[in-house]
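This briefing takes up a single protein model, with attention to its sheet, the helix packed on that sheet, and one of its pockets. Please consult the sequence and the structure below while reading.

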Amino acid sequence: MTHVKYPFSKKDALKLLQKKKITRAAKSEFAFGIALKATNEIVGGIDLHHVDLKNKNSELGYWLGKNYWNKGIMTEAVKLALKFGFKKLKFHRIYANLFSKNIASKKILEKLGFRLEGRMREKRWRENQWHDVLNFGILNREYKN
């Protein structure tokens, strides 16, 4: 999520999830917590935001606690979000934006069928430097569950 501050504290997460409850009621965003199967502990979040019902598309965003990186958790969560977006909400297109240096997110999206659609050079300022943002997208017909 290129628009979320880093580092992201537990307090930040709780505040964000409260906001997401409001946007979900308005059907302008659909947010979910990511919980560990064994303990039900919330370790991250994933959402479909910038929902455009007329054009049947939305942006995918997600975050995961650093201790849970590289365990397949986010790949599973993105699969579920795609299923929800394409099967339940009947979206035509889902897209995601990420920092070009975020290799792990890039791998997840590519593995699940997203295609690189473009690069916005030096779009975001974070940690005292400019970052390129990559745009990825997947169409309903490209989605494989």
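Two strands count as paired if DSSP finds at least two bridges between them. The model under discussion is predicted. In its sheet, six strands are arranged in the order β1-β2-β3-β4-β6-β5, with mixed pairing. Within this sheet, alanine 35 has isoleucine 42 of β2 as its bridge partner.

**The sheet**

- The six-stranded sheet is open. β1 and β5 (115–126) are its edge strands, each with a single partner strand, so one side of each has no neighbour in the sheet.
- From one strand to the next, the twist averages 25 degrees.
- Strands of a sheet pair through backbone hydrogen bonds, in a parallel or an antiparallel manner.

- β1 and β2 (residues 42–52) run antiparallel and are joined by six bridges.
- Isoleucine 34 stands opposite glycine 44 in β2.
- Six residues lie between the two strands of this hairpin, and asparagine 40 adopts a positive phi near 65 degrees.

**Helix α2 and its salt bridge**

- Helix α2 packs on the sheet and touches β1, β2, β3 (57–64), β4 (93–99) and β6 (129–139). The direction of α2 makes about 30 degrees with that of β2.
- The count of salt bridges in the model is five.
- Glutamate 76 and lysine 37 form a salt bridge, in which the closest N and O atoms are 3.0 Å apart. Glutamate 76 belongs to helix α2 and lysine 37 to the loop between β1 and β2, so the pair ties together parts that are 39 residues apart in sequence.

**The second largest pocket**

- The second largest pocket holds about 330 Å³ of space. Its lining comprises 15 residues, of which Gly33, Ile34, Glu76, Ala77 and Leu80 are the closest to the centre.
- At least two lining residues come from each of β1 (30–35) and α2 (73–88). The largest share, eight residues, is supplied by α2.
- By class, ten lining residues are nonpolar, one is polar and four are charged.

- Beyond its neighbours within four places in sequence, glutamate 122 is in contact with Trp130, His131 and Asp132.
- The C-alpha atoms of glutamate 122 and valine 133 are 7.1 Å apart in space, while the two residues are eleven residues apart in sequence.

Terms used:
Residues are numbered from 1 along each chain as its sequence is written. This is a predicted model: local features need pLDDT of at least 70, side-chain atom pairs count only at pLDDT 80 or more; totals for chains, interfaces and linings use all residues. Side-chain values use heavy atoms; hydrogens and water are left out. On a 1 Å grid over the protein atoms alone, a cavity is a set of points where a 1.4 Å probe fits but cannot get out, and a pocket is an open set with protein on both sides within 12 Å along at least five of seven lines; lining residues have an atom within 4 Å of a point. Grid points are joined across faces, edges and corners, and a volume is the space filled by probe spheres set on the points. Helices (H or I, at least four residues) and strands (E, at least two) are DSSP runs, numbered from the N terminus. Ala, Val, Leu, Ile, Met, Phe, Trp, Tyr, Cys and Pro count as nonpolar, Asp, Glu, Lys and Arg as charged, and the others, Gly among them, as polar. Axes are lines fitted to C-alpha atoms, for helices over the stretch in contact, and angles run from 0 to 180 degrees between N-to-C directions. Contact means heavy atoms within 4.5 Å. A salt bridge is a side-chain nitrogen of Lys or Arg within 4 Å of a carboxyl oxygen of Asp or Glu.
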